[in-house]
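Have the sequence and the model open as you read.

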Amino acid sequence: MKYKIALIPGDGIGPEIVAEARKVLDRVGTVYGHEFLYEELLMGGASIDATGEPLTAETLQKAKESDSVLLGAVGGAVGQSKWYELPPNLRPEAGLLKIRKGLGLFCNLRPAVLFPQLKHACPLKEEISKGKFDFTVVRELTGGVYFGERKTEIEKGIRKAVDTMPYDENEICRIAKWAFEIARKRRKQVCSVDKANVLDTSRLWREVVSEVAKEYPDVQITNMLVDNCAMQIVKDPSQFDVILTENMFGDILSDEASMVTGSIGMLPSASLGEGKLGLYEPSHGSAPDIAGQDKANPIATILSAAMMLRYSFDLEKEASAIEDAVSKVLDQGYRTMDIKSDNTILIGTKEMGDRIVAQL
């Protein structure tokens, strides 16, 4: 099979980590008989330098014409980069928001996996983390309070700000279906998280999710209030399989989930829509302080490529092979600097990519 992949290296360490993911994909193609065709595109600071815009219409169109998009990272050091002297709509991160909207990506998928080889890095006690957990946050990405009407005004001499949190049943239904479909590929458990004891949007959320659940009788559905979920993630993260929630709650919970794994350098992510086209990227930033030094951890980007194979191309065997290769390299004691510990072997970005390729 042939697949057309839009590569967006981006800024900082982005080009380095995308290069390693590409090496891994090429090896998968050789072993399993696929051909991956790449087109490199500019976004973020690199695009600003070349075109004056963080994302051009031409780049967005090329992304739409691809089978999937693999992104490194965008942006620089806030307050230290020339890009942040620009208006907000012309800064690097504006390109990321624009491409998500332009591609119709409303589902953000953020796995939280504690590799047993890295259990020492988890801030939770081992009797809590049990040395290993694996769950995924499915976050609605284009609705809710971040996209609702807002205003700041002076009323009777007092400054007042208002944010609205709108959701309609169609927005809730489509993200719920993604969560149930993903659960079917995992352990068939969905925990829908809301604040139904207070918010009307959450009451509608719970009602619609319950209706969608009837279409998936093989998947177990539970409901949990967001404050309780935040506590449960640090009390017993292994209880979760798929956490489904709205935009703001998902933003907060997915960041909490990333911290309990001990290293954001290991965490991939995906932004998905109605079809198979998706945007895949590591959860971490562009780390400009270590760019070009062969110090970055490419594993999150490599695992993002594995997610691309699984969710955009339906290549489950190939995705699992990448994940197994990463685990084998960790078993052998090799680490980049962000996950280095006593009695492990420090290697650089390129060697980590090479060693993962060698295991495929």
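At 39% relative accessibility, does Asp-227 count as buried, partly exposed or exposed? Asp-227 counts as partly exposed. The model is a predicted one.

**Asp-227 and its partner**

Asp-227 pairs with Lys-195 in a salt bridge, and their closest N and O atoms are 2.8 Å apart. The two residues come from distant parts of the chain, 32 residues apart. Asp-227 sits in helix H8. Lys-195 lies in the loop between strand S8 (189–194) and helix H7 (200–213). Lys-195 has a relative accessible area of 18%, so this residue is buried. The cut-off for buried is under 20%.

**Other salt bridges**

Side chains of opposite charge can pair when their charged atoms come close. Across the whole structure, a search finds 23 salt bridges.

| Glu-35 | Lys-2 | 3.8 Å |

Take Glu-35 and Lys-2, which form a salt bridge. Glu-35 has 35% relative accessibility, so it counts as partly exposed. Lys-2 is at 57% and therefore counts as exposed.

Glu-39 is in strand S2, whereas Lys-62 is in helix H3 (residues 57–64). They are 23 residues apart, and the pair links distant parts of the chain. Glu-39 is partly exposed, with a relative accessible area of 26%. Lys-62 is also at 26% and counts as partly exposed.

Salt bridges also form a network here. It links Asp-134, Arg-186, Arg-187 and Asp-241.

**Helix H8 against helix H9**

Now back to the helix that carries Asp-227. H8 spans residues 226–235, and H9 spans residues 247–260. Their axes come within 10 Å and cross at roughly 10°. Angles under 35 degrees count as roughly parallel, so H8 and H9 are roughly parallel to each other.

Which residues in H8 meet H9? They are Val-226, Cys-229, Ala-230, Ile-233 and Val-234. On the H9 side, the contact residues are Phe-249, Leu-253, Glu-256 and Val-260. By class, this contact has eight nonpolar residues, one charged residue and no polar ones.

Note on methods
Residues are numbered from 1 along each chain as its sequence is written. This is a predicted model: local features need pLDDT of at least 70, side-chain atom pairs count only at pLDDT 80 or more; totals for chains, interfaces and linings use all residues. Side-chain values use heavy atoms; hydrogens and water are left out. Axes are lines fitted to C-alpha atoms, for helices over the stretch in contact, and angles run from 0 to 180 degrees between N-to-C directions. Helices (H or I, at least four residues) and strands (E, at least two) are DSSP runs, numbered from the N terminus. Angles under 35 degrees count as roughly parallel, over 145 as roughly antiparallel, 65 to 115 as roughly perpendicular and the rest as oblique. Contact means heavy atoms within 4.5 Å. Ala, Val, Leu, Ile, Met, Phe, Trp, Tyr, Cys and Pro count as nonpolar, Asp, Glu, Lys and Arg as charged, and the others, Gly among them, as polar. A salt bridge is a side-chain nitrogen of Lys or Arg within 4 Å of a carboxyl oxygen of Asp or Glu. Buried means under 20% relative accessible area, exposed over 50%, partly exposed in between (1.4 Å probe, protein chains only).
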